[in-house]
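Hi,

Here is the structure I promised to pass on.

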Amino acid sequence: MSDDSRKIQGVWRVVSPAKLEYIIPISDQMLGSKVLYQLNDQVHPKQIDMQHRRPRARPRYSAQGIYHLTEETLTICWNDSGQRPAEFPKQSGTGRDRFLVLRRMVDQD
Amino acid sequence: MNDPTKLTCPRVNRRQLMQMGGLGLLGVSAADVGCLRASAEGSPQAGRVPKKVVYIFLSGGPPQHETFDPKPEAPQTVRGEFGAIATKTPGMFLCEHLPLLAQRSDKFALLRSLHHRSNDHIAGTTIMVSGDTRVPLTTPLSKKPSAEDTPGIVALAGFYQNNRGRPPGAVVLPEYIGQGTGAGRITPGQTAGRLGSAHDPWLVKAASDCLGWGACPHCFDDGDDDAVVALGFQHEHSVPGPVFEDPSLSLPATLSQGQLKRRISLLEQFEGQRQRLDRLSGNSSHDRFRQQAISLLTSSRLRRALDFHLEDDRVLDAYGRNKFGWSLLLCRRLLEAGVSTIQVSLGRNGTWDLHRRIFPLLKDYLLPPTDLAVSAFLDDLAQRGMLDQVLVVMAGEFGRTPRISAMRGRRPGRDHWGPLQSVMFAGGGVVGGRILGASDKLGGFPKQLPKTPEDLAATIFDALGIAPGAKYRDIQGKSQPVYLGTPITELYS
């Protein structure tokens, strides 16, 4: 298991887009309870592949993204076109790129 | 031939039955012949005008706090995120997301103290649709309806209507309540059980086979957790074809797929066969099961009723253009066509099973279409002068826990709770604008006027005019009481 695979595990709160107010627990294999993910931290930017484990009746059920991970924050960027972004956009919400910025929850959260 | 006491058992063998069918339309089996042994004892009560009954079922277990029994004074962990709103009735408060029903509180009464002991979906559903708590408190998912089950309330009620040569006495729409995600799993308690499969309610299947929960096409997936939504992977209603069709007539649940396919095939030839069927329906020795099928197929009134798209746009809008609205609209049309007892599911199995994301799912998906459709249904019945003749009951298999459960990393929800649920009663002479019974301050247990599923069933049988001491003879020849509880007479006084 890579460093990132260990470091990413925990409970995260979505802080951007702020209105979402989502809480996403991440285990060694799952984002939340339904989305399988796989990391590749040997490339730059680091890559994350995500797929709903039950794709039926879902117009979109997978995404190839890039991520940036620190102890406190996780940023995931992917693209609605289905292509993996080459780099993090300068501004969020540009083009078809989509962003999630998550902050690790601590007990007082 | 509307008197159940006159129901006779034709002395025919299987071969004769097959010959009588002529068309081979519905394939009567030896078991069906056995079913003919079931008979009723006990006439409708003298001087009573029998009502019709609509049993609206919210599968999964609707939360009492977020519907008809809000607890605004309770701690946050109990009262939840929603507020309570005043209704047309002083002192009656409902969840803030039921504003249309709140404006019509004079049309319905609430029983806030129904209870039973099971927190299990299958057992709870069986209990609530059959009005019999004598079942194991937990039931394996594989449990199927059997000929030993207590008859479903709707099936038994339909049996007593004995609509020979008329529309069927009992109908289930737009689908049977099932369990799990697999199609065709029917929760026990809805069929005729020991009355015999000939008396199963007729399934008027109108809903598409969407995998989502709720009011298709605005449906949701229980698996849409925060990660799914944040990534834009949500379920969408995407079943090809109409969300809700002018229904096909379906055979009772206990018949096989093969039999069903044969019937569908023959339905396509229906127009050409109609004259012959009409002749057959006049045959007095015809078995009840076959006769019902034929009456379904030959009744132009009933066929018109099923074509709910004939309704005016304003009516369709009033009910809501979704599965909930169309189900109740179809229900009203079937009542007008002469069907006397109807079970309507608002949402397929487990739709109201809100262990997580309870507040967004209720606010965005479940309460608005329920509020709209049930309100429109009550208005429609009232405007057509039918409300006094139709008892409307709305319940689920149980309520939900008074305390909100919020596992770390999960959106809040409420879990199964048999000890309390709220039941809505309207029409059929029920005095509206009243609250019967009461729950404790946390909404966990009955505090006043505790009532049971047996009492709920007895209330329905009483409304239908079935005599208090009525008994039916099951397929084993045993005499069985219809009433296992006491009618809730407080609804009428």
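**What I found**

Chain B has a secondary structure of 15 helices and 20 strands. Bear in mind that this is a predicted model. Of the 493 residues in chain B, 56% count as buried. As for contacts in chain B between residues at least 6 apart in sequence, 74% of them join residues at least 24 apart.

**A strand to look at: β11 of chain B**

Start with β11(B), which covers residues 341–345. Is it buried or exposed? All told, 5 of its 5 residues are buried, so the strand is largely enclosed by the rest of the structure.

Which strands pair with it? One is β2 of chain B (residues 52–58), joined to β11(B) by 5 bridges, and the two run parallel. Within that pairing, B:Val53 stands opposite B:Thr341. Another is β6 of chain B (residues 170–173), which is joined to β11(B) by 4 bridges and also runs parallel to it. Here B:Val171 is the residue that stands opposite B:Ile342.

**A helix pair: α13 and α14 of chain B**

Next, take a look at α13 (residues 323–336) and α14 (residues 358–383), both in chain B. They pack at an angle of about 20 degrees, and their axes are 8 Å apart. An angle under 35 degrees counts as roughly parallel, so that is how α13(B) lies relative to α14(B). Their crossing is right-handed.

Who touches whom? From α13(B) come B:Phe324, B:Gly325, B:Leu328 and B:Arg332. In α14(B) they meet a set of residues including B:Pro369, B:Leu372, B:Val374, B:Phe377 and B:Asp380. Sorted by type, the residues of this contact divide into 9 nonpolar, 2 polar and 2 charged.

**And one spot in chain A**

Finally, find A:Thr70, in the loop between β6 (62–69) and β7 (73–79) of chain A. Why is A:Thr70 classed as exposed? A residue counts as exposed if 12 or fewer other C-beta atoms lie within 10 Å of its own, and A:Thr70 has 9, so it falls in that class. A:Thr70 and A:Ile8 are 62 residues apart along the chain, and their C-alpha atoms are separated by 8.6 Å.

Cheers

Notes:
Residues numbered from 1 in each chain as written. Chains lettered and ligands numbered in written order. Predicted model: local features only at pLDDT ≥ 70, side-chain atom pairs only at ≥ 80, totals over all residues. Buried ≥ 20, exposed ≤ 12 C-beta atoms within 10 Å, placed from the backbone. Pairing = 2+ DSSP bridges. Axes fitted to C-alpha atoms, helices over the stretch in contact; angles between N-to-C directions. Parallel < 35°, antiparallel > 145°, perpendicular 65-115°, else oblique. Left-handed = near helix turned anticlockwise from the far one by under 90°. Contact = placed C-beta atoms within 7 Å. Nonpolar A, V, L, I, M, F, W, Y, C, P; charged D, E, K, R; others polar.
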